[in-house]
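Dear colleague,

Please find below the structure that I am handing over to you. My notes on what was found in it follow directly after it.

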Amino acid sequence: MTIAQDFYTYVTANSAIDALVSDRIYPHVIPQHEGDRPCITFNVSGDDDILLISGGRSDTRIAEIEVNCWAPRYLDARSLADTFRRELVGVRGSFGSSTAESVRIQNDFDGPFDDDSNLYRVTLRFQIYHC
């Protein structure tokens with residue numbers, strides 16, 4: 001599996017996230033029919049080897065994943081982002097078909113209101129060390 005598949009598997013199995021968005025977690029874009037309910041989009045912006053000083057490569061990789069939390073009301077988008085952050089930061093262990101060694105937050109910020117979708121967005125950027 002890819003880290004995108006592992007990420008999707010992990011977050012769709014999380015009961016706190018499921019309670020807020022059910023199965024409305026999508027790679028990259030929101031399908032047109034989902035624009036009126038809270039949902040998540042995500043994309044992997046990198047999944048790189050960790051190079052060792054000795055010149056070799058570690059078995060551990062580092063992935064960067066951007067998560068966008070969307071909702072018709074700002075406070076719902078913020079609540080979803082806060083839940084997502086609470087449920088992912090610090091995760092260690094089984095992560096889809098991978099093993100997460102560490103999940104860290106890089107950024108947490110409010111995006112602009114999206115006029116095309118009429119949704120508010122809060123963006124989180126995670127680093128996931130995995131093998």
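In which sense do E3 and E6 pair, and over how many bridges? The two strands pair in the antiparallel sense, and 11 bridges connect E3 with E6. Please bear in mind throughout that this is a predicted model.

Strand pairing

At one point of this pairing, Ala71 has Tyr120 in E6 as its bridge partner. Strand E3 (residues 57-71) is also joined to strand E2 (residues 39-51), again by 11 bridges, and E2 and E3 run antiparallel. Leu51 is bridged to Arg57 in E3. E2 and E3 form a hairpin, with 5 residues between the two strands. Within the turn, Gly55 has a positive phi of about 100 degrees.

Aromatic pairs

The structure contains 6 aromatic pairs. One of them is formed by Tyr10 and Phe95, whose ring centres are 4.8 Å apart. Their planes meet at 25 degrees, and planes under 30 degrees apart count as stacked, so this pair is stacked. Phe95 counts as buried because its relative accessibility is 0%.

Another pair consists of Phe84 and Phe126, with ring centres 6.3 Å apart. Here the planes are at 45 degrees, and the pair is therefore tilted. Phe84 is located in helix H3 (residues 74-88), whereas Phe126 is located in strand E6 (residues 120-130). The pair therefore ties together parts of the chain that lie 42 residues apart in sequence. Phe84 has a relative accessible area of 0% and is buried; Phe126 is likewise buried, with a relative accessible area of 0%. Phe84 and Phe126 also belong to a cluster in which ring pairs link them with Phe7 and Phe42.

Asn14 is found in the loop between H1 and helix H2 (15-21). Is this residue buried or exposed? Asn14 has a relative accessible area of 10%, and it is buried because the limit for that class is under 20%. A polar atom of the Asn14 side chain lies 3.0 Å from the backbone nitrogen of Ile17.

With kind regards

Technical notes:
Residues numbered from 1 in each chain as written. Predicted model: local features only at pLDDT ≥ 70, side-chain atom pairs only at ≥ 80, totals over all residues. Heavy atoms only, no water. Phe/Tyr/Trp six-rings, centres within 6.5 Å; stacked < 30°, edge-to-face > 60°. Buried < 20%, exposed > 50% of the residue type's maximum accessible area, 1.4 Å probe, protein only. Helix = DSSP H or I, 4+ residues; strand = E, 2+ residues; numbered from the N terminus. Pairing = 2+ DSSP bridges. Polar contact = N/O pair within 3.5 Å; in protein donor to acceptor, adjacent residues only side chain to side chain.
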